[in-house]
Structure formats: structure tokens, C-alpha cells
Amino acid sequence: MGSVWSDNTTLPAFGQLHHDLNTDVLIIGGGLAGLLCAWRLHQLGVDYALTEADVVCGGITKDTTAKITAQHGLIYAKLTRTQGKGAAKTYLEANQTALEQYRTLCERIDCDFLPRDAFVYSRTDRASLEEEAACLNDLGVPASLELRPPLPFSVAGAVRFPGQAQFDPLKFAASLLPRLHIYEHSPIRSLAPHKAITDRAVIRAKKIIVATHFPILNRHGSYFMKLYQHRSYVLALENAPDLGGMYVDKDLDGLSFRNHGGLLILGGGGHKTGKEGDGWAALEAFARRHWPKSRVKYRWATQDCMSLDGIPYIGQYAASTPDLYVATGFNAWGMTSSMAAALLLSDLVTGRKNAWAKLFSPSRSVLQPQLAANLGQSVLGLLTPTVPRCPHMGCALKWNEAENTWDCPCHGSRFTKDGKLLDDPATKNIK
């Protein structure tokens, strides 16, 4: 089964790039982040073009749970502790601005936009919830600690973040696409300063934005060390309750909930890509236990790029690439992060200052505990003497029995049983 979004929306098709092209800004990647960058530059009257290797919204965007929220787990307490209140305030401003931009746009778009409160819960850790609520209150957010949210299991509490939203991401994208300059089926085979090469064309651009989920260029930025990918699973259930909000566990391997069109969207079963996990089986068992009359109408899986410190990498690709930019590492919060990236990058490529740039800079310190784990996994993957190997950096692939795919435990590339590329950072099939 596919996602509920892809089953209900048909997106327009775009032609392949067959001729050489000169443009001010090239955007690589036709997911939501790339499309919003194109939309913003279109608004500003900037000359641009967007290339997509396959079809627009054909990757992670079609598989999101589509929560538009500035509540990203317990991020504000963490930022306040590690970087100070100023960093937490900047992060909040970027994501609340993104939410309000969606709210304004969706007034004119039929995309099932619905205001909803967001909740992050914990089954056992009330103290961390109290800390997060206090930090949000200090930042001016009227957050509250709810002790009895309508979840089908007992919890220590949930932090309520009011005034957030949800929508249908493909209906939203469909409304933007007709106005944008897009080329599909045009994978970038190589990148050089101010130049990108496809199968049939050379593109020359003053600025280039890489919005390919996981960055596809290895020789700059050290993203193979600064990111890992996390896989999670989703069911859309009939005959299940409306929980009246959007819920997520504070722990990455917990459950998430939201409703859409009479369905309860249940997410979870997560694991690092290339590792074993419970997948849909755990979600199905949970649904049978708590809502025995429910029925699975849709099932799908998704993948998220996780940064070292919980903050996306948005900005100059590397210190040595002044005209190359990136948006990645959204940490499972791709909706607001995509919009914030579009607003920030459109400023950077047009030479305007942006107060968010320092916080999201991809060149910030990499001295984080997760770095050692990422490096260790890469070394293990390279030394494991099995085949097939990932064409990205040569790591040994692992068989994903739940999805019948070959997955890379180092950097998250995925391939069909027959070796066809499904997910980057790899850019070609396996033999």
C-alpha cells in the first residue's frame, strides 16, 4: 500500500531537461524543501530552475505524517541547556514563522489544512516534560503540562503546544507546482563550481541549492559523518478514535498519532536505517490490542535524516563552497523545516542577511556524541566483507525483510531487491 496522500492526489508531470541552461539559481531536488525554495524565489522574481532525478514529491514528501508544528520533541529545553535561551528563541522564531507562512498560503489552497494542538508525551519522564513546558513559557509560548491526554495507555504527561496545524502535503504541493520552473527525470550526474551536468544537458548557475534529503555531494561538508538516517512505519486506521490533536513520544522509537479524514494515522516501529526493527508488525499488534475493531486502510514507511545536535543543516554547503547551499537534517520535522529552509536560503542566495543563519549553519561544530556513533557505523559497514555494496561509499548493504529492500546502515541509501535506487545519498543503482 502507498500513503494516504499519494492515493488521493495526482501531481502534474514535467518534462526532462534536454538543452543546456543558464540560470541564477539551480535547485537540485523536488521534494517539499526544494519546491518551497523554488516557490520563494519565484515570488522574489529570481531566475531559477529546479531539477528532480525522478518525479516531484516522489520520495520522502509523499510519506510524511504532515504535522506543521514548531514543537520538535523536547528541543527547547535542550537548546536552552546547551546553547542558551537566545538559540532556543531563534529556533522557535524560525519554525513559528514557517507555520504562519503555511497558514497564510493555505487560506487559498484546498489542502485539508486544520489547526491542531501539538503534544509531546512521555510514558515515564515527567521531569523532562516539566522542564520543556517551563522553557516554552519563558519563550512566550502558552504551553501547558497535560496529565491525562486521551491516549490509549498511561503516561507521565504531555506538553501541549497550542495553535499548530496539519495538512495534506501533496494537495498543498499540487497547488504550487503549475507556476514553477521544473524538470523531472533529470538526475544530476556531477557537480562543479557553478555547473551541474545531467544525462542530456549542462546547467550553469550562479548559485546552487542541494535539497536532496541527504546531500549527494561527498567531497564537501562531511555530511557522511554529520548525518544518519532513521526509518519509521505508518498505518492509517479506520474505526479508530479521533484523539483531538497531534501526539509524539519524546523518544525517537516511540509512537505518534494524528487524525485525517476519518482515519487515525499511527506511526512508530522506528529504527536506524539498515538495522533491524519491529516495523508494521508492532503497529498492527498495538492497534489490535487497543482498537480491536480497527482496520488498516493504508500502510507506508518513511525516512528521516538526523543531524548531530537536533538542528537542521541549512546554509552554505561547506566553508569552502561560497555559492553552494544545502538543506538537510530535518530530524523528522520536515514540514516546518522545509519552509524555514526556503525562507533562509532565499535570503542567502540573494545576498540578504538572515538572523537564523548562524544557528542553522552547516559549518557549526561537529563535536557531538552522535559523531562517534556515526563514524563507528561507517567503519563497520566498510569492513563488513559481504555483498552487495552501496555505491555511495562502499558500505555493506543489509536486507530489510519487512520491506524487501537492500538498506545501507552507514548513510541510509536504499535499493529494491533487484538493485534499483530508492533513497539517496547514493545516485546510482547497485549491480
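Is N239 buried or exposed in this predicted model? The close-ups below begin with that residue. Residue numbers start from 1 in each chain as its sequence is written. Because this is a predicted model, local features need pLDDT of at least 70 and side-chain atom pairs count only at pLDDT 80 or more, while totals for chains, interfaces and linings use all residues; side-chain values use heavy atoms, with hydrogens and water left out.

**View A. N239 and A66, two non-glycine residues with positive phi.** N239 is exposed, with a relative accessible area of 56% (buried means under 20%, exposed over 50%, partly exposed in between, using a 1.4 Å probe and protein chains only). N239 has a phi of about 55 degrees and sits in the loop between β11 (227-238) and β12 (246-249) (helices are DSSP runs of H or I with at least four residues, strands are runs of E with at least two, and both are numbered from the N terminus). A66 has a phi of about 60 degrees, and its loop runs between β2 (48-51) and β3 (67-68). A66 is buried, at a relative accessible area of 0%. As background, most residues other than glycine have a negative phi, and most peptide bonds are trans.

**View B. F167 in the largest nonpolar core.** This core has 85 residues, and those with the most contacts inside it are Y76, Y102, F167 and F172 (a nonpolar core is a set of buried Ala, Val, Leu, Ile, Met, Phe, Trp, Tyr and Cys residues joined through side-chain atoms within 4.5 Å). Helix α4 (residues 85-106) supplies the largest share, 10 residues. Leaving aside neighbours within four places in sequence, F167 is in contact with residues including W5, A66, Y102, F172, R258 and M335 (contact means heavy atoms within 4.5 Å). A second, separate core of 26 residues includes I28, Y183, V210 and V326.

**View C. Helices α2 and α6 side by side.** The axes of α2 (residues 32-44) and α6 (residues 169-176) come within 11 Å and cross at roughly 30 degrees (axes are lines fitted to C-alpha atoms, for helices over the stretch in contact, and angles run from 0 to 180 degrees between N-to-C directions). That makes α2 roughly parallel to α6 (angles under 35 degrees count as roughly parallel, over 145 as roughly antiparallel, 65 to 115 as roughly perpendicular and the rest as oblique). Look for L32, L35, L36 and W39 of α2, which meet F172, A173 and L176 of α6. By class, this contact has seven nonpolar, no polar and no charged residues (Ala, Val, Leu, Ile, Met, Phe, Trp, Tyr, Cys and Pro count as nonpolar, Asp, Glu, Lys and Arg as charged, and the others, Gly among them, as polar).

View D. Beyond neighbours within four places in sequence, T212 is in contact with I28, G29 and D424.

**View E. The cis bond at P388.** Here the peptide bond from V387 to P388 is cis, with omega near 5 degrees. P388 is in the loop between α11 (369-383) and β18 (398-400).
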